Amino acid sequence: MIENFTPPAYQNGETISAPELDNVFTAIHSVLEQIIEETPSTYAEQAAESAAAAAASAEAAASYEFTDPEVTGSITFAGTGNFIEGDFSNATEALRVKFRTTIENGNTFVGVVPNGSGSAAHSKYYSSSDTGNSSTLLVGTSDNNASIVVGKTGAGAYLPLNIYVAAVLALQFSDIDGTPKVQQGIRFGNTNVAASDVLNWHERGTFTPSVSGFSSAGVATYFNRIGRYRRFGNKVEIHIYLSWSAHTGLGDIYVDGLPFTALSATISALAVHYSGLNLGAGKQLSAAVSGNFNMVNFYACDPAGGSTIGVPMDSSVAYLSVNGTYEV
């Protein structure tokens, strides 16, 4: 503001004296000095105020902060490339922004729904803020399948898909061809399934084999009494190792206590090796598991084509080893 100057009033035709003209020039000079002194400051303040107002307007247009709003109906975002932002990564997990139902003591389900006649809904996750060049994971469903898809955008890379349980890597799918790698093993349900293309059983363990006689089971004094098995699907693999110094049984020898009963109408031959078992002259020992039984039968076979007979109990045998597979 220009102060302390009142211009003199002159009428047309009046003559201005030299002293008065000097006064006018002095006054003009004073006014110019005030203009030079005050104008830059005033313009700077106005410019700063305008810039602050513009920044506030831009911020208000870009985001809106609110506390506990209640919205009826849908929320629609105008434009593209928008974000819902909050502290989703606070070091204290309890302080992170989360989704929660408004129903007291209710469960929370976050739904993703197609619009109108659309038939698919997915959520997509990016490994980088540069969403055009990122590794991605797509989880979703359509009208004919549900899927988990490892992908990428632009210069992003395909990643292996890992599944962790209690911080332990349980299953990994290769980023090259999707081949699964089971880190901790597979536990089957071990129930019989009729479908021919289902692998439904895997089990391994030990059992206690017993040497007995058909006429009288008797009691053995064992040096070694070992039985191991593994079942894979409907096949049972057994390993038996026995030796005894005395036995009170009578009749033909057999070994029972197998972990599973053999499938009916089957005979499964087994490999056998022995020492100290009396077969008779010219005979060879064979062993088999017959259907509907959980025992191994032994036979003295004639290589020349003679009759096959059972093997009588021997009171002392250095060792009898049986290995093979039977069907259940």
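Val 272 stands opposite Val 322 in strand E16, and E12 (residues 267-275) and E16 (residues 317-327) pair in the antiparallel sense over five bridges; two strands count as paired if DSSP finds at least two bridges between them. The model is predicted, with local features requiring pLDDT of at least 70 and side-chain atom pairs counting only at pLDDT 80 or more, while totals for chains, interfaces and linings use all residues. Residues are numbered from 1 along each chain as its sequence is written, and side-chain values use heavy atoms, with hydrogens and water left out.

**Strands and overall make-up**

- The chain contains one helix and 16 strands, where helices (H or I, at least four residues) and strands (E, at least two) are DSSP runs numbered from the N terminus.
- Strand E12 also runs antiparallel to strand E13 (residues 284-290), to which four bridges join E12, and in this pairing Leu 270 stands opposite Ala 287 of E13.
- Of the 328 residues, 20% count as buried; buried means under 20% relative accessible area, exposed means over 50%, and partly exposed lies in between (1.4 Å probe, protein chains only).
- Among contacts (heavy atoms within 4.5 Å) with a separation of 6 or more, 49% are accounted for by residues 24 or more positions apart.

**Surface**

- The chain exposes about 23,200 Å², of which carbon and sulfur atoms supply 54%; accessible areas come from the Shrake-Rupley method with a 1.4 Å probe, and for residues only the protein chains shown count as cover.
- Val 71, Ile 75, Phe 77, Ile 84, Phe 88, Val 97, Phe 99 and Val 110 form a nonpolar surface patch with about 860 Å² of accessible area together.
- Patches are made of residues with over 30% relative accessible area and no salt bridge, with like charges joined within 9 Å and nonpolar side chains (Val, Leu, Ile, Met, Phe, Trp, Tyr) within 5 Å; a salt bridge is a side-chain nitrogen of Lys or Arg within 4 Å of a carboxyl oxygen of Asp or Glu.
- Ile 75, which belongs to this patch, is placed in the loop between helix H1 (18-62) and strand E1 (120-126), and with a relative accessible area of 59% Ile 75 is exposed.

**Aromatic pairs**

- The structure holds five aromatic pairs, defined by rings of Phe, Tyr and Trp (its six-membered ring) whose centres lie within 6.5 Å, with planes under 30 degrees apart counted as stacked, over 60 as edge-to-face and the rest as tilted.
- One of the pairs is formed edge-to-face by Tyr 229 and Phe 260, at 5.9 Å centre to centre and with 75 degrees between the planes.
- Because Tyr 229 lies in strand E9 (residues 220-232) and Phe 260 in the loop between strand E11 (253-256) and E12, this pair ties together parts that are 31 residues apart in sequence.
- Tyr 229 is buried at a relative accessible area of 11%, and Phe 260 likewise counts as buried, at 15%.
- Tyr 241 and Tyr 319 form a stacked pair, 6.1 Å centre to centre and with 15 degrees between the planes, which links distant parts of the chain, with Tyr 241 in strand E10 (residues 235-247) and Tyr 319 in strand E16, 78 residues apart.
- Tyr 241 is partly exposed, with a relative accessible area of 31%, and Tyr 319 counts as partly exposed at 23%.
- Ring pairs also link Trp 201, Phe 207, Tyr 229 and Phe 260 into a cluster.

**Surroundings of Ser 212**

- Ser 212 is found in strand E8 (residues 210-213) and counts as buried at 7% relative accessibility.
- Leaving aside residues up to four places away in sequence, Ser 212 touches Ala 217, His 247, Asp 252, Ile 253, Tyr 254, Asp 256 and Met 313.
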